[in-house]
Amino acid sequence: MLKKNIKAFCYCGAIILMLSSCASMPSASTSYNIKELDLNQYSNSSDYHYLMAYTCFYNNNIKEGIKQYELFLKDNPKKHFFIEFVNLLIRFQDFNKAQEVLQTAIEKYPKDNQLYLLLSDIYVIQKQYQKAIDVLVKSGIKTFDVYKNIAILYAQIGNINNAINYLMQARQFADKGEVYFYISQIYYKFNLDNNALNYLQMSASYKYPKAYIALGDLYAQHNDYTKALKYYEDFLKLPNKNKEEEVYVYTALASIYYSIDKDLKKAIEYYKKAYNLDRSQINLERLSYLLLQNKNYKETVDLLSNNPDIEHSPTLRYFLGVAYFSLKNYKQALLELSNVDFASDLYTDAQAKKALCYLELKEPQKAIETIQKAIELNPNEELYKTYFYILNQQKDWNGLIDALKQSTKIIKDKEKIYFYLADVYYNKKHDKQKTIHFLNEALRINPNDPEVLNYLGYLYIDENIDVKAGIDMVKKALKLQPNNPYYLDSLGWGYFKEKRFKLAQYYLERANRLLKKPESTIALHLAKVYEALGYKSKAKKIAIEVLKREPHNETAKKIIKVLK
């Protein structure tokens with residue numbers, strides 16, 4: 001991070017000096033309404049050329065305005081008029097004239113520091129860094145800021161030795177920790193990382209706050225999060241830290257705990273501290289996001305519901321809507337989600353959530369209309385998944401089939417859509433021909449999809465379409481996922497169909513052992529094998545266990561009835 005920022009730092013340091021000095025320029029005390037001014041009455045006064053200059057500037061006659069101001073300045077060579085004129089010239093981007101005027105002012109006021117600084121700033125604007133250095137050196141100003149800026153300018157022109165030399169001299173004007181910090185930045189600019197690190201550590205030994213932050217950033221950049229956390233947390237123990245630095249460190253700590261350690265509670269703790277110091281919208285958004293991630297829905301509602309920042313942030317509106325949705329307050333969720341405007345990146349997400357609100361409020365037609373409009377505006381995979389869910393919940397199988405077919409124009413993973421279509425046709429429409437068609441479509445795209453191979457293989461086995469071909473497909477799936485209990489069950493069931501009961505027993509027992517929780521279909525397949533092998537007590541025991549879980553399971557009842 002330090003390396004990335006050093007170029008901007010070295011250049012902006014000088015620019016900041018220029019801006020601060022320009023911002024402090026005094027303006028002329030005389031005030032006139034140019035539009036209504038009758039200049040004739042001032043023709044014999046010392047203000048005539050001044051007023052003429054501003055009249056010209058007002059009418060965009062810059063060249064004549066500059067000429068008039070120069071005439072005024074001959075009779076009124078006061079410092080604040082020189083500075084006012086230079087500011088005007090800077091605004092008109094006539095830098096050569098600005099330099100000329102300042103040189104005249106310096107000759108008249110050779111001990112005035114402000115004039116030297118302003119002239120140096122003008123050279124910086126024009127990237128004439130050596131001239132800027134010469135002016136600052138000639139000024140004889142002995143302050144840390146001036147020496148620091150000379151060093152930065154030397155670094156800008158590639159003279160590292162002079163840059164370091166001036167910073168070393170600056171130790172007489174400033175805390176050594178601050179000086180060593182800027183030395184480290186110069187070394188980083190020239191990719192002298194070891195020197196830079198040494199000076200950063202020296203700076204930290206003097207308790208300079210920025211050094212701790214820079215070291216934390218450096219170690220975080222190199223994935224050494226233990227050291228990064230140490231420097232950030234040590235920074236927080238310092239007595240002389242400022243608010244902006246403290247907020248930065250809190251957010252850096254939160255980021256590490258969230259992204260690296262996956263410690264949401266710690267991340268939330270630090271974002272809360274950052275937000276308490278800086279109640280900015282971005283910090284509120286970050287905190288709200290983490291609270292939602294941690295399922296702190298009520299706390300999110302408490303934080304956002306009466307917060308004035310929500311009026312200006314579609315993101316916060318969305319977060320509040322999600323929190324209300326998660327708390328099952330669907331009407332309030334709808335209200336908040338409806339306030340996420342079309343220009344927001346979260347607009348389509350809000351529409352999807354609104355559709356789910358309508359579904360929960362028993363307004364399925366509104367749910368479908370909402371998600372369809374969202375898809376028209378921004379067709380994407382997540383919206384289609386929500387659409388599939390709504391149609392599935394409504395048991396609208398024809399609508400679901402149409403939506404799945406439509407989604408193939410958008411969703412890249414088309415084999416998964418074909419697989420889903422096959423499943424709907426088989427389990428909901430009971431159309432084996434269409435099921436086989438879409439499974440083959442999926443395999444045409446990816447011949448090695450184990451889930452599709454197993455599904456089609458099991459269908460061939462269970463429906464007695466082609467048991468041998470089904471077994472071959474399941475074996476191919478098992479080569480890809482050897483310990484999948486569902487694929488082992490399919491193979492065992494295939495061997496059962498071929499009356500190869502011992503092989504069936506081996507694979508089905510293995511499938512049952514690998515299951516994390518009992519699965520009735522697989523258990524009853526094994527019961528059927530035990531029955532065929534004459535292990536009646538084992539078969540009956542399995543059927544009884546299934547009936548305890550599923551009292552209405554007809555297959556288990558039949559096995560028990562046969563074995564009585």
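**Note on helix packing**

1. Helices H14 and H15 cross with a left-handed sense. Please note that the model under discussion is predicted. H14 covers residues 243–259 and H15 covers residues 264–277; their axes lie 8 Å apart and form an angle of about 165 degrees. Angles over 145 degrees count as roughly antiparallel, and H14 and H15 are therefore roughly antiparallel to each other.

2. Which residues of H14 and H15 make the contact? On the H14 side they include Val247, Tyr250, Leu253 and Tyr257, and on the H15 side they include Leu264, Tyr270, Tyr271 and Leu277. By class, the residues of this contact comprise 12 nonpolar, 1 polar and 4 charged.

3. A second pair is formed by H29 (residues 501–514) and H30 (residues 520–533), whose axes come within 9 Å and cross at roughly 150 degrees. This angle makes H29 roughly antiparallel to H30. The crossing of H29 and H30 is left-handed.

4. The contact between H29 and H30 involves, among others, Phe501, Ala504, Leu508 and Ala511 of H29, together with Ile522, His525, Leu526 and Val529 of H30. The residues of this contact divide into 11 nonpolar, 3 polar and 2 charged.

5. Is His525 buried or exposed? A residue counts as buried when its relative accessible area is under 20%; His525 has a value of 6% and is therefore buried. Apart from neighbours within four places in sequence, His525 is in contact with Tyr458, Asp489, Trp493 and Leu508.

How values were computed: Residues numbered from 1 in each chain as written. Predicted model: local features only at pLDDT ≥ 70, side-chain atom pairs only at ≥ 80, totals over all residues. Heavy atoms only, no water. Axes fitted to C-alpha atoms, helices over the stretch in contact; angles between N-to-C directions. Helix = DSSP H or I, 4+ residues; strand = E, 2+ residues; numbered from the N terminus. Parallel < 35°, antiparallel > 145°, perpendicular 65-115°, else oblique. Left-handed = near helix turned anticlockwise from the far one by under 90°. Contact = heavy atoms within 4.5 Å. Nonpolar A, V, L, I, M, F, W, Y, C, P; charged D, E, K, R; others polar. Buried < 20%, exposed > 50% of the residue type's maximum accessible area, 1.4 Å probe, protein only.
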